[in-house]
Amino acid sequence: DLAIAWRWESADGALDLDALRERHPEIGLRNFKTTPLMVGGVVYVSTPLALSAALDAGTGEGLWVFQATPNDVWNMACGRRAGPNCPSAEESIRRDWDFGGSAILTELPDGRELLLAGQKSGHLWALDPEDGNVVWAQRRGRGGALGGNHWGIAIDGERVFLTISDPGAGDDRVPGVYTFDIATGTPLWEHRLSPDCAGDRQ
């Protein structure tokens with residue numbers, strides 16, 4: 001028979017989501033968008049509050065936690081109206097820079113491992129899976145609720161591919177595909193995109 005062996009509660013769990021949904025059924029509350037990754041008895045998870053964490057798969061014990069963007073409490077409905085559940089500018093940077101895709105664990109030719117994760121801020125993080133420390137990081141674009149890296153990243157053994165969605169106008173909007181050396185984070189090549197809304201595509 002299946003039974004719950006353990007539970008791990010991230011900082012996101014401090015929010016009483018059931019109470020918020022009951023009072024405001026019309027608003028959308030953030031939830032987990034990524035699939036946890038389990039390798040070698042360790043579970044790696046990324047959360048809506050821009051946390052990456054490693055957990056012992058057998059016990060649920062937290063091994064480390066990395067917060068990519070501190071103080072980013074967000075509620076999508078607050079962009080349309082004010083309310084009692086909307087954080088103030090003093091309480092939160094209000095950017096919605098969570099992780100929109102699952103992380104990737106990869107082994108380098110020298111035997112080292114890296115945990116790679118793309119963020120809706122436009123950041124690409126390479127973490128040491130042993131302790132969660134940053135090995136290297138890159139950023140492209142402005143990021144936001146609908147910007148940055150939304151749907152995950154890809155690798156081919158030597159390179160990591162970062163897709164960027166940057167809706168809106170401005171020189172800091174750089175939607176496209178960007179590649180980096182997995183081991184060092186050195187930029188390799190990029191393919192920028194621009195809106196084409198002419199004719200039937202308006």
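Modeller: Let us begin with Asp 156 and Arg 159, whose side chains meet in a salt bridge at 2.5 Å, N to O. Please note that this is a predicted model, in which local features need pLDDT of at least 70 and side-chain atom pairs count only at pLDDT 80 or more, while totals for chains, interfaces and linings use all residues. Residues are numbered from 1 along each chain as its sequence is written, and side-chain values use heavy atoms, with hydrogens and water left out.

Colleague: Why is the contact of Asp 156 and Arg 159 called a salt bridge?

Modeller: The term requires a side-chain nitrogen of Lys or Arg within 4 Å of a carboxyl oxygen of Asp or Glu. The N to O value for Asp 156 and Arg 159 is 2.5 Å, so the pair meets the definition. In general, side chains of opposite charge can pair when their charged atoms come close.

Colleague: What makes Asp 156 partly exposed?

Modeller: Buried means under 20% relative accessible area, exposed means over 50%, and partly exposed lies in between (1.4 Å probe, protein chains only). Asp 156 has 38% relative accessibility, and therefore counts as partly exposed. Arg 159, at 29%, is partly exposed too.

Colleague: How many salt bridges does a search of the whole structure find?

Modeller: The search finds four. Among them is Asp 110 with Arg 112, where the closest N and O atoms are 2.8 Å apart. Another joins Glu 190 and Arg 192 at 2.9 Å, N to O.

Colleague: Why is Asp 110 called exposed, and why is Arg 112 called partly exposed?

Modeller: Asp 110 has a relative accessible area of 53%, so it is exposed. Arg 112 has 39% and therefore counts as partly exposed.

Colleague: What makes Tyr 44 and Trp 64 a tilted pair?

Modeller: Rings of Phe, Tyr and Trp (its six-membered ring) pair if their centres lie within 6.5 Å; planes under 30 degrees apart count as stacked, over 60 as edge-to-face and the rest as tilted. The ring centres of Tyr 44 and Trp 64 are 6.4 Å apart and their planes stand at 45 degrees, so this pair is tilted. The pair links distant parts of the chain, with Tyr 44 in strand 2 (residues 42-46) and Trp 64 in strand 4 (residues 62-67), 20 residues apart. Strands are DSSP runs (E, at least two residues), numbered from the N terminus. Both Tyr 44 and Trp 64 are buried. The whole structure holds three aromatic pairs.

Colleague: How do you know that both faces of strand 2 are covered?

Modeller: In a regular strand the side chains alternate between the two faces of the sheet. In strand 2, Val 42, Tyr 44 and Ser 46 lie on one side and Val 43 and Val 45 on the other, and all are buried.

Colleague: What makes strand 2 and strand 3 a pair?

Modeller: Two strands pair if DSSP finds at least two bridges between them. Strand 2 and strand 3 (residues 51-56) have five bridges, so they pair, and they do so in the antiparallel sense. In strand 3, Ala 53 is the bridge partner of Val 45. Strand 1 (residues 37-39) is joined to strand 2 by three bridges, and these strands also run antiparallel. Here Leu 37 has Tyr 44 as its bridge partner in strand 2.

Colleague: Why are strand 9 and strand 12 called edge strands?

Modeller: Strand 9 (153-155) and strand 12 (187-192) each pair on one side only. They belong to an open sheet of four strands in the order 9-10-11-12, with antiparallel pairing.
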